[in-house]
Amino acid sequence: MLKTMNQKVSIFLIVLAVGYLYAAYNLKKYPYVPVDADAVPKVLGYLLIGLAVILFFDKSSETEEDKEKRNVPKKEIPIMLGVGVLIFLYIFLLEILGFIVTSALFIFGCSLFLGYRKHITNVLVSIIVPGVLYVTFTYLLNIILPQGILPF
């Protein structure tokens, strides 16, 4: 039944998307907001299912070169684990420190960990991107993001 790697990956992604949608439908509802916090996760979940279905029926064949690209060198495994730890810390600290602080720390720390050394640019991006996202979601879309330790 599952002949290609694309089909195997697509089944995994569909199962993942169904679990994700289940969690999205169980998010807390906020009164008096035009776009609730579950809107974006639901759209992303259905988008993932649609793209996974397209991937399942993709007829492109996999070459030996494509199979070789899937092999991860052993020296890159600690880097992937490090980014995984940073993502876990981001999730853990999001409610405690708030969206802006946690996102700024994550962007700066992850960029630094992955070898980006232009610190001024990194600091600017780490502050501006979460700030713009927070203003967009909170004031334009009326979607509540965790404020954490900041007073706004």
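Predicted model: local features only at pLDDT ≥ 70, side-chain atom pairs only at ≥ 80, totals over all residues.

Tutor: UniProt positions are given here in the numbering used for this chain, with shortened feature names, and the annotations may be inferred rather than shown by experiment. Residues are numbered from 1 along each chain as its sequence is written.

Start with the record. The unreviewed UniProt entry lists "transmembrane region" for residues 39-57, 77-93, 99-116 and 123-145. Over residues 10-146, the chain is 72% helix and 0% strand. Helices (H or I, at least four residues) and strands (E, at least two) are DSSP runs, numbered from the N terminus. The end C-alpha atoms of residues 10-146 are 33 Å apart.

Now zoom in on residues 39-57. This span is 95% helix and 0% strand, with its end C-alpha atoms 28 Å apart. Helix H2 covers residues 39-56. Leucine 51 sits in helix H2.

What lies on the surface? Tyr20, Val40, Leu44, Leu47, Leu51 and Ile54 form a nonpolar patch there, with about 560 Å² of accessible area together. Patch residues have over 30% relative accessible area and no salt bridge; nonpolar side chains (Val, Leu, Ile, Met, Phe, Trp, Tyr) are joined within 5 Å, like charges within 9 Å. A salt bridge puts a side-chain nitrogen of Lys or Arg within 4 Å of a carboxyl oxygen of Asp or Glu. Areas come from the Shrake-Rupley method with a 1.4 Å probe, and for residues only the protein chains shown count as cover. Helix H2 supplies the largest share of the patch, five residues.

Which way does the partner run? Helix H1 (residues 5-25) packs with H2 at about 165°, their axes 8 Å apart. H1 is therefore roughly antiparallel to H2. Axes are lines fitted to C-alpha atoms, for helices over the stretch in contact, with angles from 0 to 180 degrees between N-to-C directions. Under 35 degrees counts as roughly parallel, over 145 as roughly antiparallel, 65 to 115 as roughly perpendicular, and the rest as oblique.

Definitions and conventions. Heavy atoms only, no water.
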